[in-house]
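I opened my notebook to look up a few spots in this model. Here is what I wrote down as I went.

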Amino acid sequence: MIDRRTLLAGAALLLGSGPEVLSAELPLGRPEAFGFDALKARARELAGRAYAPPAIPDRDVLQAIDYDAHGKLKYKPDHALWAEGPSAFPVTFFHLGRYFQKPVRMHVVEGGQAREIIYDPAAFEMPADSPARRLPPNPGFAGFRFQESRGGPLDWRRNDWVAFLGASYFRAIGELYQYGLSARGLALDTVMPDRPEEFPDFTHVWFETPAPDSDTVTVLALLDGPSAAGAYRFRMRRTKSVVMDIEASLHLRKDVGRFGLAPLTSMYWFSETAKPTATDWRPEVHDSDGLALWTGTGERIWRPLRNPPRTMVSAFSDERPRGFGLMQRDRLFDHYQDGVYYDRRPSLWVEPLGDWGKGSVQLVENATDDEIHDNVVAMWVPAEPARAGSSHDLAYRLHWVADEPYPSNLARCVATRKGNGGQAGTDRPKGVRKFVVEFLGEPLGRLPAGVKPEPVLTASRGTFPLARTEAVPDDVPGHWRAEFDLAVTGAEPVELRLFLRRGDETLSETWTYQYIPAA
């Protein structure tokens, strides 16, 4: 489970990022021939050698650059890469520190030639007593971000739209101009019982110089870790939202128990589904509230997120998936009531490009007692075992959006509520739990007067003493809820599935939920 303060501390900073000079005092190293094919060959060769961790410039100094000291190291916009063009999107850089000790070597590419961007302390606002002044020459950077367009409506010096920081983590704003959940290059052995999780790093990054006024930027990255090495190419478009086309060429040094591709990482503490008692004053706290799946067979599935009593892993087997994502469907400010804009957090959708074959979308949910932890992971895990010496090529598209990029015409789940089973005013039966699942959508809105949708319910165990549907009494067309009681004994989890239909017509997506009676 990732501490958001550690992983993303630098991303909250307010901007203030014989060599050749580019922009204001941006020193560059010697030119070297470079291209994506060469990077892929380098990754393949690197995987054939024993892993060598990156050299840390000065651990004592970096340890002294704590959260507060790091927050004072603000990159100066005038020193940004492409501060005066040709790209519309300048690049600024994050400083190394206690929580970001592994250096990333940055390069700019033009005309097939790459030059390293040399660290210059003068590019940072740096207090006179900052420990950073004791670092050796050219220690490297912790990460980078793209600023908004120099010709756009926002002040590019104070606004950015994508950031890479920490291991292989990166994130982007969505249509609502807010950061939230993260993606990463690779997830290795997440919550495996016999080995710790591994976090490979983007150790080298290259920025391809784009044409003037292009809405697309291209970044190449070398990934390295004890079990894997890889080459990545990111083509990122800044339009109404942020869309990333990603190509990855991966090579394994070791066997991997859980080989997580296109992994997403988010935070879910509580919502209307389950609220802590007297823990927090807000009605809901989460970056994402559910996992959406579009299977190879065309089924649409919604799985509400949970804060379970212990770490839980769920697998949704599939073949040639059409997409999946961690979504933030609840967009009402009144449901959050705070100033950090959870109602604006982006949804993140993974669109496979090409045939991904057989495997499963796996959802990892960790217990948390605060919003500082990224406790949810969703990823694609191929069915074929990930063996040492194997290679894997992958292509996919990430959509950082407000809603699903390819919505269905089915009604969808908008809330999941739980309570004691039975009826109010009566003795409540033991071992019975009530679920109320709300759906909203056009197929429900066109039901004839007096006609109710049928709830189609299944459970891995237990019975349903009650199951019915009714229109939510809020005068919103197409807003219905299914209410059912689940009677079950024992503490083993129960897998639930529900959708609404009328005759042979499916009216809603499929709601799934894993209920843990012991909780």
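Before the first entry I need one definition: two strands count as a pair if DSSP finds at least two bridges between them. I also note that this is a predicted model.

**Entry: strand 12 and its partners**

I began with strand 11 (residues 160-165) and strand 12, which run antiparallel and are joined by three bridges. With that, they count as a pair, because at least two bridges are needed. The two form a hairpin with three residues between them. In the turn I found G166, with a positive phi of about 90°. I then looked up A163 and found that its bridge partner in strand 12 is R171.

Which way do the residues of strand 12 (residues 169-172) point? Y169 and R171 point one way, F170 and A172 the other, and all are buried. I remember the general rule here: in a regular strand the side chains alternate between the two faces of the sheet.

Strand 12 also has strand 13 (residues 182-184) as an antiparallel partner, through two bridges. There, R184 is what stands opposite Y169.

**Entry: strand 7**

I looked up strand 7 (residues 105-110) next. Strand 7 and strand 15 run parallel, with five bridges joining them. V108 has F207 in strand 15 as its bridge partner. On to strand 8 (residues 113-116): four bridges join it to strand 7, and the two run antiparallel. In strand 8, E116 stands opposite H107. This is a hairpin with two residues between the strands, and G111 in its turn has a positive phi of about 60°.

**Entry: the cores**

How many residues are in the largest nonpolar core? I got 88, and F146, F207 and L398 have the most contacts inside it. Strand 18 (residues 242-252) gives the largest share of this core, six residues. I also noted a second, separate core of 26 residues, with W302, M327, L444 and F484 among them.

**Entry: helix 2**

I checked the length of helix 2 (residues 36-47). Its twelve residues should span 16 Å at 1.5 Å a residue, and the end C-alpha atoms are 17 Å apart, which agrees. The buried ones are F36, L39, A43, L46 and A47. What covers them includes strand 15 (201-208), strand 16 (216-224), strand 17 (228-238) and strand 18.

**Entry: Q514**

Is Q514 buried or exposed? Q514 counts as buried because its relative accessibility is 7%, and the cut-off is under 20%. Q514 sits in strand 38 (residues 510-515). I found its side chain in a polar contact with the side chain of E495, at 2.9 Å. The C-alpha atoms of Q514 and E495 are 4.7 Å apart, though the two are 19 residues apart along the chain. Beyond its neighbours within four places in sequence, Q514 is in contact with residues including R303, M312 and P493.

**Entry: S390**

My last stop was S390, in the loop between strand 29 (376-382) and strand 30 (391-401). Its side chain reaches the backbone oxygen of R387 at 2.6 Å. The side chains of S390 and H392 are joined by a polar contact of 2.9 Å.

Note on methods: Residues are numbered from 1 along each chain as its sequence is written. This is a predicted model: local features need pLDDT of at least 70, side-chain atom pairs count only at pLDDT 80 or more; totals for chains, interfaces and linings use all residues. Side-chain values use heavy atoms; hydrogens and water are left out. Buried means under 20% relative accessible area, exposed over 50%, partly exposed in between (1.4 Å probe, protein chains only). Contact means heavy atoms within 4.5 Å. A polar contact is a pair of N or O atoms within 3.5 Å; within protein, one must be able to donate a hydrogen and the other to accept it, and residues adjacent in sequence count only if both atoms are side-chain atoms. A nonpolar core is a set of buried Ala, Val, Leu, Ile, Met, Phe, Trp, Tyr and Cys residues joined through side-chain atoms within 4.5 Å. The expected span of a helix is 1.5 Å times one less than its number of residues.
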